[in-house]
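Biologist: I am new to this structure. Please show it to me, and then we can go through some contacts.

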Amino acid sequence: MDFDKARFNMVEQQIRPWDVLDFDVLDALEEIPRERFVDASLQGLAYADTELPLANGHKMLEPKVVARLAQGLKLTKNDTVLEIGTGSGYAAALLAKLAGRVVSDDLDAEQQNRAKAVLDGLGLDNIDYVQNNGLTEPSAGAPFDAVYVGGAVNMVPDVLKQQLKDGGRMAVIVGHKPVQRALLITRRGDTFEEKVLFDTLAAGLTGKDAHPFDSFNF
């Protein structure tokens, strides 16, 4: 399979038509070999417009959803971003190319180590890895310029809001099926502004004892 051509087609046929027009995001997506983040048996579907299962039973979000969420954060090389859910590592790769530093949280040490091996192999050395429940516990390095949540939640955890700097942004999918919305939340002092980025469907993101969330999906 010609992965370079498949990657180009993904960007041109899936990503751009879904209103992802930020050149930095598009350039990063064209550089990241998504096939390295999926199981070998699924590499032929690496650039398909669908969620893909991971070895631990969880899933990768559709590439266009990852792209739209990242675009909403408007990251710069001066930003430090917190990622909730390392998962496959694909979103971490995109964030690492857009931001100055990424702090990536995951409960599953084995899955996170698989992702880290791929990310290290790509020379992405501006990622710090943390194993904790980012939905209920604060993460080292707070406050952050941005927070990226790698799956849907029923409500936005206050612990994430409180880790944002003044002016900091969070991209998160909120709600229940059949209607979920991706929100951009911006901190303004002690208040938090919300803007709807797009409607979507994504499986839930949860950690141990993190009711009312359903299941990890990245």
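Modeller: The backbone oxygen of Gly 100 lies 3.2 Å from a polar atom of the side chain of Asn 126. This is a predicted model, where local features need pLDDT of at least 70, side-chain atom pairs count only at pLDDT 80 or more, and totals for chains, interfaces and linings use all residues. Residues are numbered from 1 along each chain as its sequence is written, and side-chain values use heavy atoms, with hydrogens and water left out.

Biologist: Is Asn 126 buried or exposed?

Modeller: Asn 126 is found in the loop between α5 (109-121) and β5 (127-130). Buried means under 20% relative accessible area and exposed over 50%, with partly exposed in between (1.4 Å probe, protein chains only). Asn 126 has 12% relative accessibility, so Asn 126 counts as buried.

Biologist: Which backbone oxygen lies 3.4 Å from a polar atom of the side chain of Asn 126?

Modeller: Not counting residues up to four places away in sequence, Asn 126 touches Ala 96, Ala 99, Gly 100, Arg 101 and Val 102; contact means heavy atoms within 4.5 Å. The backbone oxygen at 3.4 Å is that of Ala 99.

Biologist: How are α3 and α4 oriented to each other?

Modeller: Helix α3 (residues 63-73) and helix α4 (residues 90-98) pack at about 30 degrees, with their axes 10 Å apart. Angles under 35 degrees count as roughly parallel. The two helices, α3 and α4, are therefore roughly parallel.

How values were computed:
Helix = DSSP H or I, 4+ residues; strand = E, 2+ residues; numbered from the N terminus. Polar contact = N/O pair within 3.5 Å; in protein donor to acceptor, adjacent residues only side chain to side chain. Axes fitted to C-alpha atoms, helices over the stretch in contact; angles between N-to-C directions. Parallel < 35°, antiparallel > 145°, perpendicular 65-115°, else oblique.
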